[in-house]
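Hi,

Please have a look when you get a moment.

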Amino acid sequence: MKIGFVVNDVATEKPVYTTNRLAMTAKQLGHEAWFMGVGDLSYQPDGSISTKARRASGKSYRSLERHLADVQKPDIEELIGLAEFDVVMLRNDPADDAESAPWAPNAAVAFGQVVAALGVLVVNDPTCLANALSKAYFQHFPQIVRPRTLISRDADLIDEFVSDLGGRAVLKPLQGSGGSGVFLVDRKESPNLNQIIEAISRDGYVVAQEYLPEAKNGDVRFFVMNGRPLESKGAYAAFRRVSAGTDLRSNMSAGGSAKAAKVTDEMLELIDIVRPKLVADGMFLVGLDIVGDKLMEVNVFSPGGLGSAKGMTDVDFAPIIIEELERKVNIRRHHPEIDNRTLATT
């Protein structure tokens with residue numbers, strides 16, 4: 001099986017990233033694992049898609065650091081037609097390119113759509129990923145699993161909504177991820193609500209969200225594959241992310257740390273509720289961020305943390321993901337008529 005991993009930029013990848021872990025695992029299982037950046041893709045005059053891609057040349061690897069170091073060696077790029085691949089995983093994070101390369105998120109999705117039309121399995125499904133480029137996608141999930149939320153640029157509406165919540169709320173930009181621009185406002189301690197609204201709305205819409213007291217204990221990153229909890233050997237691919245000090249954000253990129261997570265019946269029920277939407281949208285692998293019995297975010301582009309899940313459970317979940325892609329490629333061989341969105345979560 002030939003797997004391509006689309007990332008923001010191969011040069012900025014890090015050994016601990018989930019993408020590198022998946023790629024090294026694919027190689028260990030006998031597959032070709034190629035890296036390519038969004039800017040490495042080209043649409044050729046004959047309608048084909050090519051890419052500058054690179055892979056580790058060693059026979060086998062035990063070290064994530066060594067594997068990625070070989071991928072990032074200079075002058076090893078090859079020009080390859082994407083129609084040659086069996087699977088392409090879109091693992092670029094739109095938030096990372098929001099300021100430096102605002103063209104990149106839409107480009108990755110657009111190229112992914114063309115590649116899928118060539119008969120290559122593209123996950124997550126690029127057509128539905130196009131709808132998920134902002135946090136507004138989150139609002140399409142059942143209301144029962146979401147905290148009360150207002151999305152607006154109207155300062156008066158936001159002020160009134162925060163008052164209705166008792167003066168305490170979380171404010172963040174509609175675009176972006178990784179905990180960037182997230183504020184906890186409390187009228188008793190933070191009277192500068194208008195300044196915060198102004199700062200966020202300068203770049204777009206403001207998401208005002210109910211603050212959940214359970215958030216003080218962090219959130220749980222839960223991996224879901226084919227709409228079901230990722231599970232192996234009696235353990236779930238989940239871990240608790242705890243914020244650094246008094247920081248509201250528990251994102252690992254914002255200094256959060258990983259702890260073992262107790263998976264509750266409420267979490268499993270929540271996943272059961274959101275499953276139909278994830279399956280219908282062809283979301284093969286996602287990371288759900290859960291606080292209590294509420295869903296805070298749905299990470300559909302490049303959910304990270306497989307290493308943390310392994311560290312907390314002593315179970316390597318990466319092989320299960322690669323083996324599931326093998327199964328889907330085999331289905332495609334026998335049933336080429338199945339569309340990409342359906343196959344992604346079949």
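Before the first item, a word on classes: Ala, Val, Leu, Ile, Met, Phe, Trp, Tyr, Cys and Pro count as nonpolar, Asp, Glu, Lys and Arg as charged, and the others, Gly among them, as polar. Please also keep in mind that this is a predicted model.

What kind of peptide bond joins Val123 and Asn124? The bond is cis, with omega at about -10°. Asn124 sits in the loop that runs between β7 (121-123) and α5 (126-129). Another backbone point concerns Asn226, which is not a glycine but has a positive phi of about 55°. You will find Asn226 in the loop between β12 (219-225) and β13 (228-229). For context, most residues other than glycine have a negative phi, and most peptide bonds are trans.

Next, a pair of helices. The axes of α1 (residues 18-28) and α2 (residues 64-71) come within 10 Å and cross at roughly 90°. Angles of 65 to 115 degrees count as roughly perpendicular, and α1 and α2 are therefore roughly perpendicular to each other. On the α1 side the contact involves Asn20, Arg21, Ala23, Met24 and Lys27, which meet Leu64, His67 and Leu68 of α2. Sorted by class, the contact of α1 with α2 has 4 nonpolar, 2 polar and 2 charged residues.

Finally, a sheet. It is open, with 3 strands in the order β3-β4-β5 and antiparallel pairing. Which strands stand at the edges? They are β3 (41-43) and β5 (78-81); each has a single partner strand, so one side of each is left without a neighbour in the sheet. From one strand to the next, the twist averages 25°. The antiparallel strands β3 and β4 (residues 49-53) are joined by 3 bridges, and Ser42 stands opposite Ser50 in β4. Helix α4 (residues 104-117) packs on this sheet, where α4 touches β3 and β4, and the direction of α4 makes about 65° with that of β3.

Happy to talk any of this through.

Best wishes

Terms used:
Residues are numbered from 1 along each chain as its sequence is written. This is a predicted model: local features need pLDDT of at least 70, side-chain atom pairs count only at pLDDT 80 or more; totals for chains, interfaces and linings use all residues. Side-chain values use heavy atoms; hydrogens and water are left out. Axes are lines fitted to C-alpha atoms, for helices over the stretch in contact, and angles run from 0 to 180 degrees between N-to-C directions. Helices (H or I, at least four residues) and strands (E, at least two) are DSSP runs, numbered from the N terminus. Angles under 35 degrees count as roughly parallel, over 145 as roughly antiparallel, 65 to 115 as roughly perpendicular and the rest as oblique. Contact means heavy atoms within 4.5 Å. Two strands pair if DSSP finds at least two bridges between them.
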